Amino acid sequence: MAAGNQLDAGAVGATAAADMASPDRTDLFRRLVARLPRPMRFLGVGAVGLLTDLSVFTAIPQHLDHPLVVRLVSLAVATLVTWRLNRALTFDRSGRRQHAEAVRYAVVTAVAQGTSYAVFAALVLTVLGFLPQAATVIGAAIAALVSYNGHRLYAFAPIAAPRSGVSKP
């Protein structure tokens with residue numbers, strides 16, 4: 001009898017897990033997020049990316065000493081997180097294959113993260129050496145403008161309709 005109860009409890013647990021991952025809940029979440037204006041969704045994803053960046057940046061110094069090296073690692077992790085979230089929640093499908101879109105995302109992200117890193121490096125090596133997290137936040141804020149416009153206008157921009165030689169009246 002006890003084995004039967006354990007089996008039933010396992011089945012209930014599996015059913016509950018399936019309910020939690022059900023498409024209905026995912027669809028509800030996506031519909032709620034879709035109600036937000038795109039810039040707000042982008043900032044929300046960016047906030048998650050920034051928290052990821054700061055968490056990794058703060059945790060890694062136990063293993064690496066130099067803040068510039070640590071920042072490269074934290075940026076890479078945060079970029080992976082924001083790529084998936086931006087693709088899923090912020091921007092509409094572009095019509096490109098995922099690989100092509102990922103390459104375009106990487107180009108924009110490299111420019112934006114390069115901007116963020118340059119601002120961070122300049123600040124941490126001059127006036128904010130005592131507080132590198134503040135330099136991280138300032139660099140991220142400046143790079144957010146570059147990133148949003150680059151992703152909107154290039155990485156996730158819809159494929160343009162082919163132009164025909166015939167003009168419409």
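Let me begin with Thr-82, which, once its neighbours within four places in sequence are set aside, is in contact with Val-45, Gly-49 and Tyr-105. Please keep in mind throughout that what we have here is a predicted model. Thr-82 itself belongs to helix α4, and with a relative accessible area of 12% it counts as buried, because the limit for that class is under 20%.

Now to the surface, where Leu-64, Val-69, Val-73 and Val-77 together form a nonpolar patch with about 250 Å² of accessible area. How exposed is Leu-64, in terms of relative accessibility? The computed value is 32%, so Leu-64 is classed as partly exposed, that class being the one between 20% and 50%.

Let me step back to the protein as a whole, which contains 6 helices and 0 strands, so that, by the assignment used here, the pattern read along the sequence is α-α-α-α-α-α. Of its 169 residues, 30% count as buried, and Thr-82, as I said, is one that counts as buried. The protein exposes about 10,900 Å², and 68% of that area is supplied by carbon and sulfur atoms.

Finally, a word on contacts across the sequence: if we take the contacts in the protein with a separation of 6 or more, residues 24 or more positions apart account for 67% of them.

Notes:
Residues are numbered from 1 along each chain as its sequence is written. This is a predicted model: local features need pLDDT of at least 70, side-chain atom pairs count only at pLDDT 80 or more; totals for chains, interfaces and linings use all residues. Side-chain values use heavy atoms; hydrogens and water are left out. Patches are made of residues with over 30% relative accessible area and no salt bridge: like charges are joined within 9 Å, nonpolar side chains (Val, Leu, Ile, Met, Phe, Trp, Tyr) within 5 Å. Accessible areas come from the Shrake-Rupley method with a 1.4 Å probe; for residues, only the protein chains shown count as cover. A salt bridge is a side-chain nitrogen of Lys or Arg within 4 Å of a carboxyl oxygen of Asp or Glu. Buried means under 20% relative accessible area, exposed over 50%, partly exposed in between (1.4 Å probe, protein chains only). Helices (H or I, at least four residues) and strands (E, at least two) are DSSP runs, numbered from the N terminus. Contact means heavy atoms within 4.5 Å.
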